[in-house]
Amino acid sequence: MRPLTEEETKQVFEKLAKYIGRSIEMMINGADELYCFRVLKNRVFYISESNMRLASNIGRDNLVSLGTCVGKFTKSGKFHLTIHCLDYLSQYAKVDIWQKCEIWDDAL
């Protein structure tokens, strides 16, 4: 795993800012420990720094994933969020959104 480059960091933070605003700082400086973003095979992971230090002993070929996949970079260089990060983004979201399940009620 490697740290994000300047351009990658800019793309990730711009995308996160659309959903959580300035709460990115709160996301990185967690209540219990520090968190960071790392890249492995074009996928961006949200991981605590203590777990990242422990994973540094594992070789790149043997490491499949670590932490929560926040998104990935496409072949064209754009950043897309994945559904796995919704739990983390909902904690810091600017606005709460609820989805009604009326469609499923009609089907039953």
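In this predicted model, Met27 is in contact with Ile20, Tyr35, Phe37, Tyr46, Tyr88, Leu89 and Tyr92, leaving aside its neighbours within four places in sequence. Apart from it lies another core, of five residues, which include Cys36, Ile47, Met52 and Leu66.

Met27 also belongs to the largest nonpolar core, a set of 16 residues, and is listed there among the residues with the most contacts inside the core, together with Val12, Leu16, Ile20, Phe37, Val44 and Val70. Two or more residues of this core come from each of α1, α2 (24–28), β2, β3, β4 and α4 (86–92). The greatest contribution is that of α1, which gives three residues. In soluble globular proteins, nonpolar side chains tend to be buried together.

The sheet is open and consists of five strands, arranged in the order β1-β2-β3-β4-β5 with antiparallel pairing. Its edges are formed by β1 and β5, each of which pairs on one side only. Helix α1 (residues 6–20) packs on this sheet and touches β1, β2, β3, β4 and β5. The direction of α1 makes about 40° with that of β5.

| Strand | Residues |
|---|---|
| β1 | 2–3 |
| β2 | 35–40 |
| β3 | 43–48 |
| β4 | 68–73 |
| β5 | 79–81 |

Note on methods. Residues numbered from 1 in each chain as written. Predicted model: local features only at pLDDT ≥ 70, side-chain atom pairs only at ≥ 80, totals over all residues. Heavy atoms only, no water. Pairing = 2+ DSSP bridges. Helix = DSSP H or I, 4+ residues; strand = E, 2+ residues; numbered from the N terminus. Contact = heavy atoms within 4.5 Å. Axes fitted to C-alpha atoms, helices over the stretch in contact; angles between N-to-C directions. Core = buried A, V, L, I, M, F, W, Y, C linked by side-chain atoms within 4.5 Å. Buried < 20%, exposed > 50% of the residue type's maximum accessible area, 1.4 Å probe, protein only.
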